[in-house]
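Dear colleague,

Please find below the structure that I am handing over to you.

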Amino acid sequence: MNERSLRALEYYKIIDLLVDRCTSQLGKDLALALKPSSEDSKINEMQTETSEAQSILIQRGNVPIDGIYNVDGFIRTTEIGSFLDAGSLLKVKGVLAVARRMKSFIKNKNEDAKWPTIESLISTLSTFREIEEKIEQCIISEVEISDNASSALRKIRKSITLKNEAVKNKLNKIITSQAYQKILQDTIVTLRQNRYVVPVKQEHRLSMPGVVHDKSSSGATLFIEPMAVVELNNQLRELYIEEKKEIERILMEISAMIAERAEEIKSNQIILQQLDFIFAKGKLSIDMKAVEPVLSESNSLYLKNARHPLLEVDEVVPTTIWLTKEQSILVLTGPNTGGKTVTLKTVGLLSLLAQSGLHLPVDFGTKLPIYDSIFADIGDEQSIEQSLSTFSSHMTNIVNILDKATSKSLVLFDELGAGTDPTEGAALAMSILTHLKNSRTDVIATTHYSELKQFALVNKGIENASVEFDVETLRPTYKLLIGIPGKSNAFEISRKLGLPEFLIEDAKTLISKENIEFEDLLQNIEKNRTVVEKEKLEIQKIRLETERIRQDFIEKKSKIESQKGEIIKKAKKEALKIVKEAKKESEEVIVDLKKMKAGIEEKEINRQIEASKKKLNTNIEALHESIGGNLFKAENNKAPVDLKPGETVKILSINQIGYVLDKEDEKGQVLIQVGIMKVKMDVSNLKREKEEKSGTKTGVSKILNLRKANIKREIDLRGQNLEEAMLEVNKFIDDCYLVGVTPITIIHGVGTGVLAAGIKQMLKKNGHVKNHRQGKYGEGGIGVTIVDLKD
């Protein structure tokens, strides 16, 4: 890309923003080296990287990529057999830790890859846990090695501590002795050249035998190592030498571990550098509220609500601009400070950013072609040293552009033809635009020349555009209007600012009639456009209001549907209450039957049973009438066919097991025995449990015998909520009580204790329960309840 154009379009200011978002110097180096590409595959790859990084940052938050250093020099040191100091090893550990954290951060075993490019990069990272742990164990800081680095080092340091204490004790005896009080300058022990010494007065030098290591600046004090501690100090010195050797051995051992994995660590650094750079692009995308553009294969450009990335997001007015094969040149006109140059720079800069793999501050639907070069002639670059005027400087650049521009280039001209005679400048501008049109080059040019407005109107392939200006407020609106040439508004602005009317009218007589008519035409077009815009806004308001009414209708309909469901739910709850009452009555009947069983004739028992059945059937029929059959609404999409007497079925609506007493009638209903009740159920409300091989079975005694043979002594409630569990337990107790099975086991687990507490509370109220207790060791402990039923 043209270097002058990169500067003119402020490309490097965006690069500076990208650099600021990198966490390492390595990432910053990649950002500083970023240049626009013209290779389709490379651009698409870079855009994909940015999109994935943006997605990860939005979904996962901050990425743990801090702590990357350039460790190439450290690795080379280990490869030649030298050892690294503690500070260097900590930096290497930091890089290794970043690689491990990144692998852990992006790990996604249970799903397909969401971010294939970045996940592929991270998957190639190697982890070196053993090296990290070794450095962690051995190194405390950049200047301190841990005692735990080795047993030898721990032993040496323990000896040093003991030897230090011995030396200090010896010297303390000397400085506290009355014999030496007169010769000591001060009663302290200090260090000189890593040897323990005492301060002795110069005149008493001979009174303290020993080695002189230093003296004060005045010469009045000598720092003498008494002969009594020389040997101890020598031993201490030897221990320090041993400590140093052991530390060097430890550092060498760790450095050797790094040297063995040198290539993998270098590869890690390269990948982490790329990741730092990629996530910096993602951060910039989020900060600019940017999106990934579509790279168009055709030579069509469409920027939807584009914003200049260096302007404040909340202040900039979005611009929509397009170029097509048929209209590849745009002539942009309008007053000064209206936003023409900003529009020009926005198009050029966004094109450069897209081809650099960066997202654009635009709306979805934006499309850009891939340009081989982007040229910009913007700003006043006159040169005193080269004796070039403004016009000469621009023309030198334009000559270079015309020489290099192709059909796949984008050319941006600011004030094309300015800086010289207006007539000649306009003629040159028209000639240049014609040449570029014939070359099929994309061009956007700003101008104040009326000739260029007319030129664009009569030439196919060249389109007018303007920036809107509010004459009433004398302020630009910064809105871009494509297809409408801009009016200079010089007379209107002058009139608003107070210039006498006669001067304005006199000025009008000095310009050609054609120019006046053209400007008036532009003014009429602008007025008509304003009216159309207002009508368009009204239509949009009406459409939005219609949409709001539609949404209100949908919400009300949804609310009605929701209420309908609540009403049905309430009805079902009421039905369940009625069923429970019926169940209670049946329990009472069973108790009465058991009481009568001993001393009453069978005939009388049968009469009592029939009376009870009739009563229960009456209740069931009343239930049907009260809830309109909703309780027994079919729930089985595949109803059983050819049900035979004796078969076991499940009544879906009340979750009860029953037995077929009679075949399906013409209304699709089947007579079912449920406990001691007989009810008619629609076949679609039934589910076949199993088929009976024996013939028809009727009678309470046969049913009870069958149930007793198949009944279980325990029920497992784990995983159920309290309401479901209570229904299951009630049914289980009823069945066990009916066939005389006791004791029984209720498995509720430990969990939060809610289920166990609820079940025990329910057992206290159940009329069939004699007593209950917590399970013992071997029975299930506190996770079960053992229940004894009444006879």
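How many cavities of 30 Å³ or more does the count come to? The count comes to four. Here a cavity is a set of points, on a 1 Å grid over the protein atoms alone, where a 1.4 Å probe fits but cannot get out, and a lining residue has an atom within 4 Å of a point. A volume is the space filled by probe spheres set on the points, which are joined across faces, edges and corners.

Please note that this is a predicted model, in which local features need pLDDT of at least 70, side-chain atom pairs count only at pLDDT 80 or more, and totals for chains, interfaces and linings use all residues. Residues are numbered from 1 along each chain as its sequence is written, and side-chain values use heavy atoms, with hydrogens and water left out.

The predictor's confidence in each residue, pLDDT, runs from 0 to 100. Its mean over the chain is 82, and 84% of the residues reach 70 or more. Over residues 691-700, however, the pLDDT is below 50.

The largest cavity holds about 60 Å³ of space. Among the residues that line it are Asp377, Phe391, His394 and Glu415. Helix α13 (residues 390-404) gives the most to this lining, with four residues. Helices (H or I, at least four residues) and strands (E, at least two) are DSSP runs, numbered from the N terminus.

Two strands pair if DSSP finds at least two bridges between them. A contact means heavy atoms within 4.5 Å; axes are lines fitted to C-alpha atoms, for helices over the stretch in contact, and angles run from 0 to 180 degrees between N-to-C directions.

A further open sheet has four strands in the order β22-β23-β25-β24, and its pairing is mixed. There, β22 and β23 (residues 744-747) pair in the parallel sense over three bridges, with Ile746 in β23 as the bridge partner of Ile715.

Yours sincerely

Conventions: 1 Å grid on protein atoms, 1.4 Å probe; cavity = no way out; pocket = protein on both sides within 12 Å on 5 of 7 lines; lining within 4 Å.
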